[in-house]
Amino acid sequence: MAATALLGPASRARAAASLAPRPLVFAHRGASALRPEHTLASYAKAIADGADYIEPDLVPTRDGVLVARHESNIAGTTDVATRPEFAARRRTMMIDGTNETGWFTTDFTLAELKTLRARERLPGIRPQNTRYDGHFDIPTFEEVIDFVAAESAARGRVIGLIPEIKNATHFHALNHTPEETFLRVIAAHDYTRYAPLEVQSFETGNLKMLRGRVQAINPQARLMFLMGERSERVPDIAAAGGHTTFGDLMTPDGLRQVRTYADAIGPSNIDLIPRDTSGAWQAPTTLVDDAHSAGLLVHSYTCRPENRFLPRQLRNGAGDDARNPEGSIAEIRRYLDMGLDGFFTDDPALGRRALDG
């Protein structure tokens, strides 16, 4: 685990100039290349494979409990479509300007969600994970915290949490307050009062609201502003009638603004090194250096081990869906050479190999 993970606020500020002495491995939805995402099995595999932090994405149930799902729409990650008792709840909902059809966590109580079973989200790409379909339920945030605390005690090492509060503006419109629930949960658990903690959001408003309040519970906690496509408007700003894009906030001036409410940015890997229409790497951008100049850490997403997700220069010709561990390691090392402070990966064992040689 990186030394900066254990620093207090003042020490973190001093460390910003040199930034993280050792990059961090973030387990993207757990070890999602190897187990169905956001299950305790996925988190367990990630921890066993050496992840520094595990990532629970958080969405609320109808009764306001935060559960670990990448999005509120659970059509692709559970067996809900096979459950006749829930057939009538299929509907279309607009989330951040996009219409989605499926089943949504906000239409289910926690007790109802607990009757569902997790499924692999990418069965065509990761068919080996489908053997675990039906084995696991949807964990609550509190269950994830307790699980990570238990793993930490068993393994004798501190494991960080890097939760993302999803679609805040959307959930606020449905009269949910995920940030307040989040604060109550982390305050109620001893582990989240001292373990490394980094809170993510694609929105600016909730980061501004959380700044200081999270640190009052866990003094070493950091906030990370996730960055979508450069042309895409920031959801909470767009909902208020503004036109600021993520690209606007990737400029030197924009990054200085972000530093007033966040400690780190989370751009996509393509914002570090763009790709052409064939998927080939082009010239790198200056985003890492510009962010460091603004005092921000850079934690990018997402490194995946299959050929289809790699830059064309690193694919091995074994087919789009074939695993390519050496290509993934080479990709990660290229970003690390740019000064990256941490990275999300679907396969933390490969991330560990990229770091440790």
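What share of the contacts with a separation of 6 or more in the protein comes from residues 24 or more positions apart? I counted a contact as heavy atoms within 4.5 Å, and residues 24 or more positions apart account for 68%.

**Model.** I am working on a predicted model, where local features need pLDDT of at least 70, side-chain atom pairs count only at pLDDT 80 or more, and totals for chains, interfaces and linings use all residues. Residues are numbered from 1 along each chain as its sequence is written, and side-chain values use heavy atoms, with hydrogens and water left out. I looked up pLDDT, the predictor's confidence in each residue from 0 to 100: the average is 94, and 94% of the residues score at least 70. Over residues 1–19 pLDDT stays under 50, and there the model has 33 contacts beyond four places in sequence.

**Overall form.** I took the radius of gyration over C-alpha atoms, with the globule rule of 2.2 Å times the number of residues to the power 0.38. For 357 residues a compact globule would be near 21 Å, and the protein, at 19 Å, agrees. The C-alpha trace spans about 55 × 50 × 45 Å along its principal axes. I find 15 helices and 13 strands, as DSSP runs numbered from the N terminus (helices H or I, at least four residues; strands E, at least two). Buried means under 20% relative accessible area, exposed over 50%, and partly exposed in between, with a 1.4 Å probe and protein chains only; 57% of the 357 residues count as buried.

**Helix α4.** I noted that Phe141, Val144, Ile145, Phe147, Val148, Glu151 and Ser152 are buried in α4. Seen down the axis, these buried residues fall within an arc of 165°, so they line one face of the helix; the arc is that of the directions from the helix axis to the C-beta atoms. Ala153 and Ala154, on the other side of α4, are exposed. Just after α4, Gly156 has a positive phi of about 70°.

**Cores.** I defined a nonpolar core as buried Ala, Val, Leu, Ile, Met, Phe, Trp, Tyr and Cys residues joined through side-chain atoms within 4.5 Å. The largest has 63 residues, and Ile54, Phe182, Val214, Phe225, Ile265 and Leu272 have the most contacts inside it. Its largest share, 5 residues, comes from α4. Another core, of 11 residues, lies apart from it and includes Ile74, Val80, Phe108 and Leu116.

**Ser300.** I placed Ser300 in strand β12 (residues 297–303). Ser300 counts as buried because its relative accessibility is 0%. Beyond four places in sequence, Ser300 touches Pro267, Asn269, Leu272, Leu340, Gly342, Phe343 and Phe344.
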